[in-house]
Each structure stands twice: as C-alpha cells, then as structure tokens.
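Take it one topic at a time and find each part as you go.

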Amino acid sequence: KFSKAKRQRSLSGGASSALEAPGGPPSGDLSAAGDSEGGLPGWLGCLATVLEWTAGIGLMLGCAWGFAWLTNEIHESTLYFSNIKEVEREISLRTEQGLYYSYYKQLVRAPSLRQGLFELVRDNSTEHPDTINVLSRMNIYQEVLLALLYRYTWFGTYLQPIYFYIYSVLFLNGLLICGLFATSWQLTGTPLAGCLAAVMYTLNSMHTTRLSSTHALREHFSLPFLWLQLFCLSVYFSRASVRGSARERVSLLGAQICCFLFTLFWQFNQFVLLLQSLSVLTASAIGFVQFRKAFAFLLTVAGSLLLVSLLQFGNPMLLTAPALSVCLSGALSVAVSRRWLLPGFGSAGRLARLSRVACQAWVCLLAFAVCQTVLKLVIRHDADSHIYKFVMMKLGYGYDDDFDVRMYNCAGAFVWLPWSTFTDLAATYLLQPYLIVHAALFLLTLAGFLHSLLRPPDAASDADEANGVAASGDSAPDSGGKFERPSAWREALDGFARHPELAYHAVQCTVFAILGYTTLRMKYFWTPYMCVLMPLALGHRRCWDWLLLRLLGPRLRHAGFAWSQILTLALLVSSARTCYRDNQAVWQNLREFWDPDTVQLMEWISSATPPDAAFTGSMQLLAGVKCCTGRRITNHPHYEDRALREKTRQLYQIYGRKPPHEVHRILRSHGSDFIILEDSICLRPGNGCGTTELVDNLNGELTDLQARQPQAPPGLRRSSAPRFCHEIRRSHGASSEENPYARLFQLVLENRTFRVYRLL
C-alpha cells in the first residue's frame, strides 16, 4: 500500500506533509528518498505494532494504577485515615462532600435499595421542613450506582462502605489518567508521550486536581469521562475515521457514552458542554472538522442533556440550559450550511466565501436566540440566575453587591488565576513546551482558516469543502511541467489540514485557558490540557522528521523518530524522579486528623438529640451534621435552587443584627429545633468577606469596617442594634425574666468552636 501511495504521489507531484498521521507513510522528501528501500515485512510490521500496543496499554494501566496508589498514600499520610474513628472519617469529608456521602450511606443502610430510593425521592431531612426530590435536585446517581454495587457484590463483604466509596473515586481518576495518556498517544503516535502526560499530571497535582484533599466532589466523578470523551473526539475528528468505518462508529459511541456519564454526574455539566459545543462549531465553521461529524456531536450533547433531564424527573435547569439551545441551533446551522452554503465554496470568490461563513454564524445566533427565548417562556425557571450574575460581575457589568455573587467571590476559589500558578508550572518544565505547542497550533489553525478564505477560486477543491476539511495547498506544476518544492510554511499548512483533531484541540484548549485564567477553580480544565499538549513539542516524530529535513537535509531522514524518543524519555525520567522525590517528602511528613471540637459536636448530637431533630447553622457545617448524625437540616451547600438561596438568606440572620424574637420567629417558621453558632464566623475580624458582613449588607446595613470609613457606600445605613450571635453569648446564666435571649434560647453545648442552642 505504501509503494502504491508513493507512486501516486510521484505521478501527481504533490508534496507530502511533515505532519502526516503518526504511524503513516513518511512525509515530504523523506518518502521519495525511501523509495529505494523496502519497508518491514508484513509479519514483522504486525509484530511491531502488537508489541507497541501491548507496551503502550501496559504503560497506560501502570500510570493509572500508580496515580491512584500515590493519591491514596498521600491521603493516608495526611489524615492517618485507616486508624481514626468512623465519625472522624466522615468529618474529613468537608462541606458538600459530606452531603453527597450521606445519601450513599443512607442507601447502603436502608432495608432495601428500593426503600432507600423512595426516601430520596420524598426527602424532608435535607431542606426541612420542605420535601424535595433529591434525585431531581442533585446529581447523586453515582451514589446510587455505588450503593447498588456495594449491596449486591462481594465488595460489601470485604470493605467498609467509606473505603469502597473512596476507592471507587480513585478508580475513576485512574480512568482520567487513561484519557490523558490515550489522547497524547493518539496525537503524537508514541506511548512515551502519553506516559509523559500522566507523569506531568501527577507531578503538578497541586494545580491539576483536588483529589488528594477532597474525594466526594462531583468533579471527581465526572471529569474522568470528560477526558475520555476528548480522546474519543480526537479519534473521531481525525481523517483516519472515514465514513462508515469501525473506527468512526466506535469512537462516536465512546464519545456518546462518556458525554452522557459526564452530564449525569455533575450539576455544572451544562456550562462545560456549552463551551465544548461552541469549540466544535468553531472548528467546523473554519473548515477543519467535517460538518457531518460536528452535527453528530451536537446531537450527542443535546441527547445527553435531554436524557439526563428525564432521569432527573424533568430537571428544568437542563431543559433551559444555553448548551441545549446552542446544540440545537448549531445543528440547524450545520444542516443549512451543508445544504445551501457549502456547495461551490471552493470555486466561489473570496468575498462570497466570507459572506457564507458570516451567514452561517448569523443563522446559528438567530436560531439560538429563538430557541432560548421559547424555552425560557415555556419553562419558567431561573435557578441558575446566580451563576449568570457571577459571570456578569466577572465581566465588569455590576452585581458586586449581590449576596449570592459575593458569597462566590469571597470564597477565594473564584478569583483570577494567581501568578504563582505559572511559576510553579514553569518550574516543572510543563508550561514552556505547552506554550510553544499551543501557540503553534493556534497560529496554524488561524492561518489554515485564512488560507481557505483567501486562496484563489478552485472548483476542484469543492469535494474537500463538502466534507468540511480545510483544503491543502499542494504545489501545482509550472508551465514547463516541473514541480516546485513547496515552502516550509506551505508544508506545515498542508500537514495541519490533514489533522483536524489538532485544530479542534487548539480551539478547545484556548477556551479552557480563558476559563481557567479568569477563575481559579476552573484551572482544573486547563492544566490537564497542558499535560496533553506538552508532549507534542518533544514526541511528535513527523515534526522532527520535517525539522531535521529542513535543517540538515535528507541524510538524517530516520533521525526524527530517535530524536523525539530520546527527548521524551529524558524529560520523562527527570520528571518521574522529581515526582518521586516530592511525594517521598509528603510521605515522611506523617500527620493525623485532629478536630476534637467537631467530633464532640457530632457525638453529642447523635447521643443527646432526638432522631427527628432539625438543625440550623452554616451550610458547610450542616452537611457534616447530616453525614455524621443523620439529623434533619434546614439548608445545605448545594446552592443551585432559588428557593433554597432565599431560605439561606433568612436563616443566616443568626449572624445578623436582628432582635432575638425575630430570629426565633424565622427559625420556627423553618422548623428548626437547634441552632449551631460558630465562633470562627461570629468573631471573625472584618475584611469585607465575612459571613456577618455579607448579612449586614444584605440587610442594608453598614459593616463595622464600612462604618469606620470616612465615606460610607450609598444605600447602606448605620445600625446600633447588637449582633445576635454576640448578645446570645452574654445571656448565658441570665434569668428568662430579665433577658429575652434566655427566654427564647437555651445553651445545651459549648466548646472552643461551637455553641448549640435549643429553641424554647
């Protein structure tokens, strides 16, 4: 086959590209120079392929197991997890982690799985006294699946429930490593590049994942399927996946399964899928990704959103998601382009081409506006309004004084990416090669798009345009019948046009880079992408073949493979040694979980309060109360519901300047029996982001810090009323006739951190 292809290229005179697919025929003048030499015999070539695949898969599984084992060891050395009490293990699942784990714990302990699911569908312990459908409100199907496996497999015999839960998370993040490994391997053609991506991810784990300190977050269940989906898309978008081939069908099926699981396991899936859909639309509009493949992916995303909404009992947040409108409008614009705009694109003039691209964009925007408006009118739902307010605040369009937006902004995880992140990534030699690769891919993508728009009309290129592939610029013979060797830039463009998956990754990584730079928490989408693309600077054999050919001539035509492997292996060994040395220091610094005040609180609640008692406090603490004690709570940190946000504003008056009878009335209206006050919140010095200050501004009052400033912010008033959490402390020991606090609240537990009061 190679000899036949060489003869055809020799007859046509077309110059081959240096960026041919890894494992494909040699490129450029290298192919012509190799005509005199025979390739490997068929059986030997098959054996080499089998050995490469076996070694690559073995390395991939080894990297996945090594990352999971390493993370578990860090978790153990940090908390001494295997030797602490069960309540301490559950307390270590801070904030919303404890809330999600409580549902898994509830399903495991239920008389039957059916009974446990019924209790979740009609739950009045999470937002007491309201009854909610937890399966509809939250993404906890992973807890349902894990409880099913634990109850009906041998895991329940050998492992405690919390260990099975944590090991399952580690297993899924091993799959994440497999996704990164496989994507880098597919892009470069060498498994060493995949191994380097996995090692870089582990070496920079402080900036690539939060797994070592937080296990039960939704992202740890969903992100592995996002990176597996990106691998499937990389294979699906490549030109090797021809229409109707098994490669195309399997990669599309894998992308569909991963997209569905990613959507099912995380409440913020719609925003990631929105960015991904826009990236695919962009890559198809500029002429790299074939339109039929973009159409299939957009339908995959839309189908995943609709199916997950169905599983969540018609969750309106997904039905009104912009991602669904973008997918439907994008699919319409792609269909219109294939039917009316794309035929004759190559033979049209430059202005006509630009007009057709602009027309496709306008069709997509108009369809999106109509679709989103209709969905909003039919399904009146605004549970995610606080997220759009936060985005507008990031863009500088107000909402600085909104309570919900300030809670996000004051969390510290939603600020701009600090400069220290870049210095840390540069210290491990991840940032520098990545920037080179990303800049090169972005420039080639832009140049390929401009070339497809500005090249002279050519009717023969319409076949390529019908598939949505940027046309290559192979040299044409001159009038004398001789063929000119194309320039280096033209060769690069020709080769890049044969790899639409690289253009997609360039666009997608750019979007994730903007997201990660503007919001610190979102860097976990960008930094793993760095690990995937960075090996392209070292391990892409065809790039080195082309570079050595241009610099040193055809005599070193086989040196590209050896040079790429040597560089990749050298950096791989150096990074692995650094990773081992850094983690060895962590293992030697043995620590143990120590939070006696919280342990005392949870044990007292379990032993001294009735099983149907309801508690009010901070959202983060109440998640732990539900996890460790099973008691009813009035609010929680899953903040994606408008009614819950309004309820939280009322309950947080325990940290405001309200009189005791009004606080008592609010708590009683929400069915509270006990309140838990935290000194870390009540006594926190003012810096503009404390809970007490947020509540003061919510009530239209000046904070203590603002009251000392010469010019107060407009719209706020000074308040001389005492703060509730301060005054109730002073009422301890006073008679109920003299003190209204003592008449309405009774202190039942106090330690260095918490004070628990019973409502009288």
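Helices (H or I, at least four residues) and strands (E, at least two) are DSSP runs, and they get their numbers from the N terminus. This is a predicted model, where local features need pLDDT of at least 70, side-chain atom pairs count only at pLDDT 80 or more, and totals for chains, interfaces and linings use all residues. Residues are numbered from 1 along each chain as its sequence is written, and side-chain values use heavy atoms, with hydrogens and water left out.

**The whole chain**

- You'll find 39 helices and seven strands in the protein chain.
- Of its 760 residues, 55% are buried; buried means under 20% relative accessible area, exposed means over 50%, and partly exposed is in between (1.4 Å probe, protein chains only).
- Take the contacts (heavy atoms within 4.5 Å) with a separation of 6 or more: residues 24 or more positions apart account for 71% of them.

- Thr71 sits in helix α3 (residues 42–79). Its relative accessible area is 6%, so Thr71 counts as buried.
- Skipping neighbours within four places in sequence, Thr71 is in contact with Leu170, Leu211 and Ser212.
- His215 is in the loop between α12 (205–208) and α13 (218–237). With a relative accessible area of 3%, His215 is buried too.
- Not counting residues up to four places away in sequence, His215 touches residues including His75, Leu170 and Phe221.
- His215 and His75 are 140 residues apart in sequence, and their C-alpha atoms are 9.6 Å apart in space.

**A helix pair**

- Two packed helices are described by the angle between their axes and the distance between the axes.
- Helix α23 (residues 431–454) packs against helix α26 (residues 500–518) at an angle of about 120°, with the axes 9 Å apart. Axes are lines fitted to C-alpha atoms, for helices over the stretch in contact, and angles run from 0 to 180 degrees between N-to-C directions.
- Residues meeting here include Tyr434 and Phe442 in α23, and Leu502 and Ala513 in α26.

**An exposed residue**

- Leu377 belongs to helix α19 (residues 350–378).
- Leu377 counts as exposed because its relative accessibility is 54%.
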